[in-house]
Amino acid sequence: GETSFTHHDFLEAMIGRTEYQNVSGTRCPTDFVELPSILMEHFLNSTTVLSLFDVEGTTAVHQIGNHHADPCNSIDTYAQILLAAVDQIYHSPAVQVPNFDTTTELANLHNTRGLIPHVPGTSFQTQFGHLFGYGATYYSYLFDRAIASRVWQNVFSEGPLKRETGEKYKREVLRYGGGKDPWKMVSTLLSAPELEEGDGRAMREVGRWKIQDEVGLPGMH
């Protein structure tokens with residue numbers, strides 16, 4: 001857990017080369033901010049990368065790396081979908097209704113769309129600060145998991161230690177921080193012009209990719 005957390009956060013603001021601090025590092029659109037972090041976790045799951053830390057030459061590291069079957073993976077993803085949905089409700093015109101109740105709305109989601117019924121007498125949402133700090137953009141965890149998976153597969157997976165690939169990522173994405181439209185950066189990195197405008201077509205394209213791995217589960221962070 002601590003290793004994943006370290007890889008998740010330690011490069012977010014290290015390689016930015018922006019002129020102004022208010023657009024450096026993680027100071028960028030919220031639905032893009034988790035992409036570099038989740039991508040770093042892919043490196044943690046790479047046997048090629050892990051072998052750099054295998055000073056004893058343990059063959060097990062090369063064989064299995066950091067991969068393991070997580071029986072709760074699908075439940076964790078479901079929980080994030082539910083939180084993303086309730087986040088949208090909490091930041092919608094529905095809250096203007098005088099009798100609006102956050103617990104009732106969360107319970108309704110659990111009981112109508114969920115796998116696990118709501119537990120009466122509980123109010124989890126009052127203890128989950130991300131629903132405030134991320135204000136209507138909590139979906140970014142799932143959204144960026146899909147993009148990070150695509151970047152890993154198309155850019156890094158075959159050679160995660162190639163300097164030219166890392167330099168391209170730094171040059172096209174990290175150095176701008178929040179100083180450039182993230183859709184244009186991702187479009188250039190993936191050589192995917194259909195993403196450049198960041199419109200409905202781009203969103204549908206990312207949705208089509210889906211989430212194909214366990215990396216970047218928000219429960220880890």
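Glu 167 is partly exposed, with a relative accessible area of 26%. Partly exposed lies between buried, under 20% relative accessible area, and exposed, over 50% (1.4 Å probe, protein chains only). The model is predicted: local features need pLDDT of at least 70, side-chain atom pairs count only at pLDDT 80 or more, and totals for chains, interfaces and linings use all residues. Residues are numbered from 1 along each chain as its sequence is written, and side-chain values use heavy atoms, leaving out hydrogens and water.

Stay with Glu 167. Its salt-bridge partners include Arg 163, with the closest N and O atoms 3.4 Å apart. A salt bridge here puts a side-chain nitrogen of Lys or Arg within 4 Å of a carboxyl oxygen of Asp or Glu. Glu 167 and Arg 163 sit four residues apart in helix H10, so about one helical turn separates them. Arg 163 is exposed, at 64% relative accessible area. Glu 167 also meets Lys 170 in a salt bridge (3.4 Å, N to O). These two are three residues apart in helix H10, again about one turn. Lys 170 is partly exposed, at 31%.

Another bridge joins Lys 184 and Glu 196 (3.8 Å, N to O). This pair links distant parts of the chain: Lys 184 is in helix H11, Glu 196 in the loop between H11 and H12, twelve residues apart. Lys 184 is partly exposed at 30%, and Glu 196 is partly exposed at 34%. Shared partners join Arg 163, Glu 167 and Lys 170 into one salt-bridge network. The count comes to five salt bridges.

Now the whole chain. It has twelve helices and zero strands. Helices are DSSP runs (H or I) of at least four residues and strands (E) of at least two, numbered from the N terminus. Of the 221 residues, 40% count as buried. Among contacts (heavy atoms within 4.5 Å) with a separation of 6 or more, 64% involve residues 24 or more positions apart.

Which residues touch the most other members of the largest nonpolar core? They are Leu 39, Ile 147, Val 151, Phe 156, Leu 190, Leu 195 and Val 206, in a core of 28 residues. H9 gives the most to this core, with eight residues. A nonpolar core is a set of buried Ala, Val, Leu, Ile, Met, Phe, Trp, Tyr and Cys residues joined through side-chain atoms within 4.5 Å. Leu 190 touches Val 151, Leu 195 and Trp 209, among others. Apart from this core lies another, of 13 residues, including Leu 109 and Phe 128.

Turn to the rings. There are ten aromatic pairs. Rings of Phe, Tyr and Trp (its six-membered ring) pair if their centres lie within 6.5 Å; planes under 30 degrees apart count as stacked, over 60 as edge-to-face and the rest as tilted. Phe 143 and Trp 183 have centres 5.9 Å apart and planes at 70°, so they are edge-to-face. Phe 143 lies in helix H9 and Trp 183 in helix H11, so the pair ties together parts 40 residues apart in sequence. Both Phe 143 and Trp 183 are buried. Phe 156 and Tyr 169 are edge-to-face because their planes stand at 90°, with centres 5.6 Å apart. Phe 156 is in helix H9 and Tyr 169 in helix H10, 13 residues apart. Phe 156 is buried at 2%, and Tyr 169 is buried at 8%. Ring pairs link Phe 43, Trp 152, Phe 156 and Tyr 169 into a cluster.

How values were computed: Lists of a residue's contacts leave out its neighbours within four places in sequence.
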